[in-house]
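Hi,

Here is the structure I said I would pass on. Have a look at it first, and then read my notes below.

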Amino acid sequence: MPPQRLVASQDETFDFVVIGSGFGGSVAAMRLTEKGYRVLVLERGRRFDDPDFPRTNWDARRYLWWPALRCFGMLQITLLKDVLVLHGSGVGGGSLVYANVLMEPDDHLFEAPGWRDLADWKTILRPHYDAARRMLGVTTNPCRWPADDALAAAARDLGKYESDQPTEVGVFFGKTGEEGRLVPDLISAGKARRAPGAFTAVRAWWAAATTPRIP
Ligand SMILES: Cc1cc2nc3c(=O)[nH]c(=O)nc-3n(C[C@H](O)[C@H](O)[C@H](O)COP(=O)(O)OP(=O)(O)OC[C@H]3O[C@@H](n4cnc5c(N)ncnc54)[C@H](O)[C@@H]3O)c2cc1C
């Protein structure tokens, strides 16, 4: 299905226009809205509801964003001169397709010579990592699959056994035995919205980013 087009009145004015509704654009729009600005978010891709997601990557029309071939899915593949880029398309941007892994950089990155002398980034960014973890519902992945064992074996062969650790992910797993049950929304805790047991925290994050806060 081609993207729905929402035509805003030409008389409406906005303080800010944010192009793209991915991780960056939606957080920027939310923070500006919280400060009281009127914000317009322009998104080229479509909005995905639960039934719109492809059940397999082979469902190219729902999976790939390639309008010339009438594919209005959520993943665009862009071939540049020296690099092939996979990136998201749709309301939510890359959060529609990403693997939910939410790692924090280690000291090695903060000590990179290109920027370590500009500011104490580790301290400056700390509260923002904490906010992102809270809003994305980051938790340690409790699952282990045969693929993890294969990766661990490869890491061991490379002498990197310590890298075999459970990942931090933005996924709501719920409690064992309560699969499929409705639970209170993680972000708007105490409010009326409810979400299905298997939803990812990213979707809650997007809902929070697009829902006006009740003072
Ligand atoms: C398959 C895959 C798996 C990934 N897994 C992880 C992971 O596990 N952990 C992790 O941290 N990162 C992961 N990433 C990377 C992560 O998704 C990106 O870093 C992140 O989405 C970038 O955010 P962004 O806001 O910069 O851009 P995006 O999230 O890509 O958002 C850009 C938005 O702008 C829209 N747009 C573009 N051009 C226009 C235009 N002209 N007009 C209107 N709208 C426009 C696009 O449709 C898109 O919605 C993954 C990425 C992919 C593709």
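Leaving aside its neighbours within four places in sequence, which residues is V138 in contact with? The partners are L102, R133, E168, V169 and G170. Before I go on, please keep in mind that this is a predicted model.

V138 sits in the loop between α4 (121-136) and β7 (139-140). It counts as buried because 20 other C-beta atoms lie within 10 Å, and 20 is the number needed for that label. F172 is 34 residues away from V138 along the chain, yet the two C-alpha atoms are separated by 8.2 Å.

L102 is worth a look next. You'll find L102 in the loop between β6 and α3, and it counts as buried because it has 20 C-beta neighbours inside 10 Å. Not counting residues up to four places away in sequence, L102 touches L136, V138, E168, V169 and G170. With L136 the separation along the chain is again 34 residues, and the C-alpha atoms are 8.9 Å apart.

Both residues belong to the largest nonpolar core, which has six residues in all: L102, L136, V138, V169, V171 and F172. Another core lies apart from that one and has five residues, including W65, M74, L96 and V97. In soluble globular proteins, nonpolar side chains tend to be buried together.

Now for the ligand. How many residues surround it, and which are the closest? There are 24, and the closest are G20, G22, G24, G93 and G94. Helix α1 (23-34) and strand β6 each supply at least two residues of this shell. Sorted by class, the shell has 13 polar, nine nonpolar and two charged residues.

Then there is helix α5 (residues 146-157). Its end C-alpha atoms are 17 Å apart, which agrees with the 16 Å that its 12 residues should span at 1.5 Å a residue. Just after α5 comes G159, with a positive phi of about 75°.

Most residues other than glycine have a negative phi. R70 has a positive one, near 60°, and lies in the loop between β3 (65-66) and β4 (71-72). Is R70 buried or exposed? It counts as exposed, because it has 10 C-beta neighbours inside 10 Å. N100 also has a positive phi, near 70°, and is found in the loop between β6 and α3 (107-110). N100 counts as partly exposed, because its C-beta neighbours inside 10 Å number 16.

Last, a word on confidence. The chain averages a pLDDT of 84, and 82% of the residues score at least 70. Which of the chain's elements have the highest and the lowest mean pLDDT? Strand β6 (residues 84-88) has the highest, at 97, while helix α6 (residues 201-210) has the lowest, at 44. Over residues 190-215 pLDDT stays under 50, and for that stretch the model has 55 contacts beyond four places in sequence.

Happy browsing!

Notes
Residues are numbered from 1 along each chain as its sequence is written. This is a predicted model: local features need pLDDT of at least 70, side-chain atom pairs count only at pLDDT 80 or more; totals for chains, interfaces and linings use all residues. A nonpolar core is a set of buried Ala, Val, Leu, Ile, Met, Phe, Trp, Tyr and Cys residues joined through C-beta atoms within 7 Å. A residue is buried if 20 or more other C-beta atoms lie within 10 Å of its own, exposed if 12 or fewer, and partly exposed in between; C-beta atoms are placed from the backbone. pLDDT is the predictor's confidence in each residue, from 0 to 100. Helices (H or I, at least four residues) and strands (E, at least two) are DSSP runs, numbered from the N terminus. Two residues are in contact if their C-beta atoms, placed from the backbone, lie within 7 Å. A residue is near a molecule or strand if its C-beta atom, placed from the backbone, lies within 6 Å of it. Ala, Val, Leu, Ile, Met, Phe, Trp, Tyr, Cys and Pro count as nonpolar, Asp, Glu, Lys and Arg as charged, and the others, Gly among them, as polar. The expected span of a helix is 1.5 Å times one less than its number of residues.
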